[in-house]
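Here are some notes to read with the model open beside you.

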Amino acid sequence: MPLAPLLHRAAALIGQADALIVAAGAGMGVDSGLPDFRGNEGFWRAYPALARARMEFAGIASPQAFRATPGLAWGFYGHRLALYRATVPHAGFALLRRWGEGMAHGYGVFTSNVDGQFQAAGFDPLRVDECHGSIHHLQCLAPCGGDIWPADAFAPEVDADACLLRNAAPRCPRCGGLARPNILMFGDGGWNEGREAAQAARLQAWLATLRRPVLLELGAGSAIPSVRHFSDMVVRRHGGRLIRVNPRESAVVDARDVGLPMDALAGLAAIGALLDAAS
C-alpha cells in the first residue's frame, strides 16, 4: 500500500486517542546518531578494538567481561555512557511528548534502550519503563545487596582506540567491590531489577486506567523482541490500536492497525505534519 493512506490512518488514530503509549527499540536512537549494534558489522564499526579482538557484543555486554577484563568492559560501557550523555535527542522525541501531553490521560513509555534519551528529552521519569535497565545507574557486580545508585559522579576517561578505561572504575559504596551498569546483560544472573520493577508497576497501573489508547511502536524488531512482546500484550489486554514504525519489520496482523516502513524520525515527522495541518 502507498505510504500516504497509511500516514493519514496513523494520524487519525493519534488524533482520536485519549492516551499515547510509546514502545521504543534500538531504532529510536539511531536517528539521534547512536550506533546500531544489530549484527557484528555495526558493532565492530563503532568499536574497532573489539573487532580486532573478534569479540562480539554478547561477549563484552556480560557480567563475565567485568570479572575477566574490567578495564575493557568499563572501556566499552564508559564510552557508551559518555556518548549517551553528550547525545541530543532527535526531534521525534519532542513530537511524542507534545502529542502525549495533549491527551486526556497523558503518555507512558516502554523502552528496551538503556540510553536515557527519553528523560534527556524532558519526559517524566515516572512515566518511563526501561525494561533492560539504564546505563545512567550502577549496581554492585557481586552483587552484595540491593543498592542501585546514579552514575552521575562517574566521569569515564576512555582510550577509544584500545577500548580501555584509563581512570578508576566506579566502586560499590557498600562493599567496595567493582560496580557495573544497572543493565540486563547477556547471561546475567546478577542484574538488580528493583528499579525496573518499580517502573513496570507504575506503567501497568496506568495502563489499567485507559480506554482508548494508541500504541506507537518505534524501531523495535524481532531479534530481541522485548518491545514487540510488550506491544502485543498491551493491544491484547488494554485495547487500542497499534502504529508500528520500522523500516524492515513493519508488518501488522490486524487490518485496523498501521505498519509504516520508515525510520522512526521520518515516520514521526510525516505524521506530525498531517496532525499540524489538521489542527
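Helices here are DSSP runs of H or I with at least four residues, strands are runs of E with at least two, and both are numbered from the N terminus. This is a predicted model, so to speak of local features a pLDDT of at least 70 is needed, side-chain atom pairs count only at pLDDT 80 or more, and totals for chains, interfaces and linings use all residues. Residues are numbered from 1 along each chain as its sequence is written, and side-chain values use heavy atoms, with hydrogens and water left out.

1. Start with arginine 54, in the loop between α4 (48-52) and α5 (57-60). Its phi is near 55 degrees, a positive value in a residue other than glycine. Arginine 54 is exposed, at 59% relative accessible area. (Exposed is over 50%, buried is under 20%, and partly exposed is in between, using a 1.4 Å probe and protein chains only.)

2. Cysteine 163 also isn't a glycine, yet has a positive phi of about 55 degrees. Look for cysteine 163 in the loop between β6 (158-159) and β7 (164-165). Cysteine 163 is buried, with 2% relative accessibility.

3. Next, a cis peptide bond: alanine 142 to proline 143, omega near -15 degrees. Proline 143 sits in the loop that runs between β4 (133-140) and β5 (148-150).

4. On to charges. How many salt bridges does a search of the whole structure find? The count is 10, where a salt bridge means a side-chain nitrogen of Lys or Arg within 4 Å of a carboxyl oxygen of Asp or Glu.

5. Within helix α8 (residues 91-101), arginine 97 and glutamate 101 are four residues apart, about one turn of the helix. Their side chains form a salt bridge at 3.0 Å, N to O. Arginine 97 is partly exposed at 30%, and glutamate 101 is partly exposed at 48%.

6. Aspartate 276 and arginine 98 pair up at 3.5 Å, N to O.

7. Are arginine 244 and glutamate 217 buried or exposed? Both are buried. Their side chains meet in a salt bridge of 2.6 Å, N to O. Arginine 244 is in strand β10 (residues 241-245) and glutamate 217 is in strand β9 (residues 213-218), 27 residues apart.

8. Finally, check the salt-bridge network that links Arg241, Asp254, Arg256 and Asp257.
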